Amino acid sequence: MKSLILTLLYLAKDTIHRWMTRISSPLARVLVVFFLSLCALAALGGYVISAKAVRNSIIERGGNIVVTILSLDEGNTFFLPPQEFIEQEFHADSYLFSNAGMATLPDGKAVRLLLCDFSRLQTVMPFLGSASMPTLVQDGDKINLPQGPSEAQLGNRLGRMDIQVRTLPPKHPLGRILDGGAIIVQKEFLDHMQVSATFGQRTLAICTRDLESSAPVRRVESFLRTLQRLEGVYGQIISALPLLQELDLVLGKQTQCRIAFCLGISGIVGILLTALAGMEYRQNEYIYTLMKSFGIHPLLLVFSFIVENLLIVGASFAGALAVFMYFQRVIVKDILKMGNNTLSLLEIRPEIELICYTLLGCVLVSSIPIFVAANREIGRVLK
């Protein structure tokens, strides 16, 4: 055990001595790995930001919402699993509205009267006013009335009704589902005003929260088609599934480009590490062979070079990652021209792991010539 510790200490001292006497060797490795890693992080980070921007744009336009307009005969019921089931299975929110006619706002715009499904009222409740008063839920873009009390015209015979006006938060999915806004009423109000819901039309919307691919929307569509078939009702399903599938194809091709890019970088780093490691081993081959003749296992020599390259490559990549995270706003905004976007370590983690795996492969491949040279016969070197 003592001899092993002394051997490792000697190898460490020898490595530091080589660095001090030939500083160009470690410096070349540091600079090449640093700048190539920084370029890889900038390129792959730009890919992640572009995919993130496109995904956010699709969500803002309602691409994560699947809407079906159901056609039901009067008296028919439609069973939809509770919100807890939708949350667990699809990680989504669900909304179910019954059409109760039309109303006219003070600015002359016509909006729908909607009766909210009681079992799903909790998803709409934060935006409602008094429980007994109809509430105009608006998104602020298509409809923008002052918040607070107002009134709407039901019709020539039914007269006017008092309403509360509430504005949705920016980019809320209800704005897309309600097409800018609608008046949500309670059943008691409909009975009082002698207005009945139009049972022929019910709007069912399921809004997924995850949109990493088209899979969540495809699962929701399949679920709705199966549900309609089992319930024996007809409903037109509206979603952005074709667009999301095309986006999957584009992102899949970009993934291949990412892998090819990393392989190219690994090839450059691998050639550099292999050449320098082989050169340094040959310069000290006589000493290492003497150590082998004293009983030092060749794997220890190979291990010392692997550890040396791991330290250099790991420190260089860590420095490149720190520089990228610190200056990423400048890199993304001024160099890549992708807006004022930033990435967290969690969002870029797959790219970090991909680069780390390729660099680790370079270190292991660069040790192959050392392994071959370390196993040469002692007599051929010392003769």
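Q: Buried means under 20% relative accessible area, exposed means over 50%, and partly exposed is in between (1.4 Å probe, protein chains only). Does Gln228 count as buried or exposed?
A: This is a predicted model, in which local features need pLDDT of at least 70 and side-chain atom pairs count only at pLDDT 80 or more, while totals for chains, interfaces and linings use all residues. Residues are numbered from 1 along each chain as its sequence is written, and side-chain values use heavy atoms, with hydrogens and water left out. The relative accessibility of Gln228 is 9%. That value is under 20%, so Gln228 counts as buried.

Q: How many helices and strands does the protein have?
A: Helices (H or I, at least four residues) and strands (E, at least two) are DSSP runs, numbered from the N terminus. Counted this way, the secondary structure comes to 12 helices and 9 strands.

Q: What percentage of the residues in the protein are buried?
A: The protein has 383 residues. Buried residues make up this share of them: 45%.

Q: Which side chain has a polar contact with that of Gln228?
A: Gln228 sits in helix 6 (residues 215-231). A polar contact is a pair of N or O atoms within 3.5 Å; within protein, one must be able to donate a hydrogen and the other to accept it, and residues adjacent in sequence count only if both atoms are side-chain atoms. At 2.8 Å, the side chain of Gln228 has such a partner in Thr68.

Q: Which residues of helix 3 are buried, and why do they count as being on the same side?
A: Helix 3 spans residues 83-90, and its buried residues are Gln83, Ile86 and Phe90. They are on the same side of helix 3 because they cover an arc of only 65° around the axis; the arc is that of the directions from the helix axis to the C-beta atoms. The face turned away from this buried side carries the exposed residues Glu84 and Gln88. To recap, the buried residues are Gln83, Ile86 and Phe90, and the reason is an arc of only 65°.

Q: Which strand pairs with strand 7 in the parallel sense?
A: Two strands pair if DSSP finds at least two bridges between them. Strand 7 (residues 181-185) has 5 of its 5 residues buried: Gly181, Ile183 and Val185 point one way, and Ala182 and Ile184 the other way. Strand 4 (residues 135-138) is joined to strand 7 by 4 bridges and runs antiparallel to it, with Ala182 as the bridge partner of Val137. Ile183 is the bridge partner of Leu113, and the parallel pairing, over 3 bridges, is with strand 3 (residues 110-116).

Q: What separation lies between the C-alpha atoms of Gly45 and Gln328?
A: Gly45 is found in helix 2 and is buried, with a relative accessible area of 1%. Contact means heavy atoms within 4.5 Å, and, not counting residues up to four places away in sequence, Gly45 touches Ala40, Phe324, Leu343 and Ile348. Although Gly45 and Gln328 are 283 residues apart along the chain, their C-alpha atoms are separated by 8.8 Å.

Q: How many disulfides does a search of the whole structure find?
A: A disulfide is a pair of cysteine sulfur atoms within 2.5 Å. Cys39 is partly exposed at 46% relative accessibility, whereas Cys207 is buried at 6%. The number of disulfides found in the whole structure is 0.
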